[in-house]
Amino acid sequence: MTETGKLKESASQTAGPYVHIGCVPSFAGLTGMYGGRDPGAEMVTAEARGARIVVEGRVLDGEGAPVRDALIEIWQADAQGLYHSPAETRGAADPGFTGWGRQPSDAKTGQFRFETLKPGQVPWAGGQMQAPHISVWIVARGINLGLSTRIYFSDEAEANATDPLLQQIGDPARVATMIADKTAQGYSIEIRLQGENETVFLDV
Amino acid sequence: MAKGKVQSGAFNPRDLARHPSPLTPSYRSSVLRAPAHARISFENSLSEITGPVFGQGLLGPADNDLTINYAQPGQSAIGERIIVHGRLLDEDARPVSSALLEFWQANAGGRYRHKNDGYVAPLDPNFGGCGRTVTAQDGSYSFRTIRPGPYPWPNGGNDWRPAHIHFSVFGDGFAQRLITQMYFQGDPHIQLCPIVQTIKDPDAIDQLTAQLDMDNTVPMDAIAYRFDIVLRGRRSTLFENRLEGN
Ligand SMILES: [Fe+2]
C-alpha cells in the first residue's frame, strides 16, 4: 500500500501480441496512421551536439530465443546530460534531440535498433554523478508489468566503477548484464528476461 | 495544477501487490518471459523523475476517433458506437495533463488488424483499431470508437478475452509509464479470463472496468463509458514549492 496516496495506481496488464497496432502502427501495416511516422522512431530531429550512436540488441526469453514481438522504449539525457522534460530543472536540453525512442523488435530476428546520441552524465539523488546510461522499458506478450532496466557503456569503465546504482547492485556478474558492448557504430546489448545471466530489472 | 508548475519529486514506491506477478502460469506466455530475480529498488534520480511530454500539437484531427480514422471517406467502422472518456490522475488525485494516451483494440467481431491474428472473424475494411489523444489541463480525455468483440486466444484451453481496449499511458516521469487494458461493466468473461485474473486484488480489476455513463451518452449516436486511470504519485514536490517561494 502506498502511504501518501489517496488513490491507487491502475494495475498493469500485458501489452499482448498486438501492441504494434497501437504503438507502432506503420510497422504493424496500418499505412498512413499518424502521417506514416511511428512515435519515437526519430530521436535526433535536427542538428544536435554529441556523438551519434546506434544502440542495438535483442531481448531473449528463458530458452534463449529472441522475443520477436517486444516493444522497447528508451529515455535518456542529451550529450550535455540534460533531459528534454518539464521536470528537468537544470537547463534547456538540446532542441534537436527528443531523448525518447520507441522501436519494435524485428518480427523475424528479434533485433531492435535505436539511432541516438551518446548521453552525458546525470546526477544521482544525492548530487554525485551517475555513469552515462539509457533507461529502458520493455513490454510484450507474456510480460505482465513493463520491465525497466538501464544500458551502460563498456567504454565508460571508470564512470561505471563509481556509478551509485551499479555500486548498489554490487555483484559484477549482475552489473555486467546492464553494460552494452562497443560496436563499429555504437553499442550492442542482449537483454535476458530469465535464466542464466538474467538482466537486472529495476523497481524504478 | 496551474500551467507552468512542474512536479519534479521522486515517485511513491510502486505497490507491486496491486500489479500481476511476473510469473503467472495460467497465462502461459509469462512462463518463459518472467524474470526470476526480484526488481531492484533504488532512489529515483532525474532519469526516473523526468519523462517525455507530448503536446496537443502532436495530434491529427481524427486520431481520437477510431470509427473514422481508418475508414474510406464518408464511411465508418461497423459496431456499437461508443465514447470512452475519463481522467488521468496521480495517486494524490492530481490531474496529469499533456499526457499521451494510445489505444488499440480488435474490431466488433474480435479480430485485430495484425498479421499474427488468424481468428476467423473478418476484418472490417473501415477499421484500423488504433488511436491516441493527449490529456487536457484537468487530466480529462475522450475518444470515439466501436465496442470491440471478445475473441478466443491460444493459451492451452478454451480461453476467450473479455471485450477490452488496450491503453498505453505516459505520465510526466518515465517511471510512471504504464500499459493496461480497459474492460466493460457487466462482461461475464472478466471473471474467466486468465489475463485479467493475473491481478489478485478484485478492487484493482474493478478499477480497470469502465462503467456505463448514460449522462454522457450522445442520443441517437453513441453510448458513453467512463474510465479513469491512476498513475503513481510523487513523494515530494520540492521544486514546485521552491518556485512558489520565488
Ligand atoms: Fe487484446
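## Salt bridges, metal site and cavities

A:Arg192 counts as partly exposed because its relative accessibility is 27%, where buried means under 20% relative accessible area, exposed over 50% and partly exposed in between (1.4 Å probe, protein chains only). A:Glu190, at 31% relative accessibility, is likewise partly exposed. The two side chains meet in a salt bridge at 3.3 Å from N to O, a salt bridge being a side-chain nitrogen of Lys or Arg within 4 Å of a carboxyl oxygen of Asp or Glu. Elsewhere, salt bridges with shared partners join A:Glu73, A:Arg102, B:Glu102 and B:Arg177 into one network.

The model is predicted: local features need pLDDT of at least 70, and side-chain atom pairs count only at pLDDT 80 or more, whereas totals for chains, interfaces and linings use all residues. Residues are numbered from 1 along each chain as its sequence is written, chains are lettered from A and ligands numbered from 1 in the order in which they are written, and side-chain values use heavy atoms, with hydrogens and water left out.

Over all chains, the search of the whole structure gives 23 salt bridges. The corresponding value for A:Arg102 is 1%, so A:Arg102 counts as buried.

The iron ion is coordinated in chain B by B:Tyr112 (OH), B:Tyr151 (OH), B:His164 (NE2) and B:His166 (NE2), at 1.9 to 2.2 Å; donors are N, O and S atoms within 2.8 Å of the metal (3.2 Å for Na, K and Ca), and sites may look incomplete since water is not among the atoms. Angles among the 4 donor atoms run from 91 to 163°, and the site is irregular. Four donors count as tetrahedral if all angles lie between 85 and 135 degrees, and four count as square planar and six as octahedral if opposite donors are over 155 degrees apart and all others between 65 and 115; anything else is irregular. The donor residues follow the spacing Y-x38-Y-x12-H-x1-H in sequence. B:Tyr112 is buried because its relative accessibility is 0%. B:His166, with a relative accessible area of 3%, is also buried.

The loop between strand 3 and strand 4 of chain B also holds B:Lys115. B:Lys115 has a relative accessible area of 64% and is therefore exposed. Its C-alpha atom is separated by 32 Å from that of B:Ala204, 89 residues apart along the chain.

Most residues other than glycine have a negative phi. B:Ala93, not a glycine, has a positive phi of about 65°. This residue is in the loop between strand 2 (81-90) and strand 3 of chain B, and is partly exposed, with a relative accessible area of 35%. B:Met220, also not a glycine, has a positive phi of about 60°. B:Met220 lies in the loop between strand 10 (209-212) and strand 11 (223-226) of chain B, and is exposed, with a relative accessible area of 88%.

The whole structure contains 4 cavities of 30 Å³ or more. A cavity is a set of points on a 1 Å grid over the protein atoms alone where a 1.4 Å probe fits but cannot get out, and lining residues have an atom within 4 Å of a point. The largest cavity holds about 90 Å³ of space. Strand 5 (134-139) and strand 6 (147-153) of chain A, together with helix 1 (46-49) of chain B, are the elements that give two or more residues to its lining. Among the lining residues are A:Trp137, A:Arg150, B:Glu48 and B:Phe174. By class, this lining has 6 nonpolar, 4 polar and 2 charged residues. The second largest cavity has a volume of about 70 Å³. Of its 12 lining residues, B:Gln7, B:Asp90, B:Val96, B:Asp172 and B:Gln176 lie nearest the centre.

Terms used
On a 1 Å grid over the protein atoms alone, a cavity is a set of points where a 1.4 Å probe fits but cannot get out, and a pocket is an open set with protein on both sides within 12 Å along at least five of seven lines; lining residues have an atom within 4 Å of a point. Grid points are joined across faces, edges and corners, and a volume is the space filled by probe spheres set on the points. Helices (H or I, at least four residues) and strands (E, at least two) are DSSP runs, numbered from the N terminus. Ala, Val, Leu, Ile, Met, Phe, Trp, Tyr, Cys and Pro count as nonpolar, Asp, Glu, Lys and Arg as charged, and the others, Gly among them, as polar.
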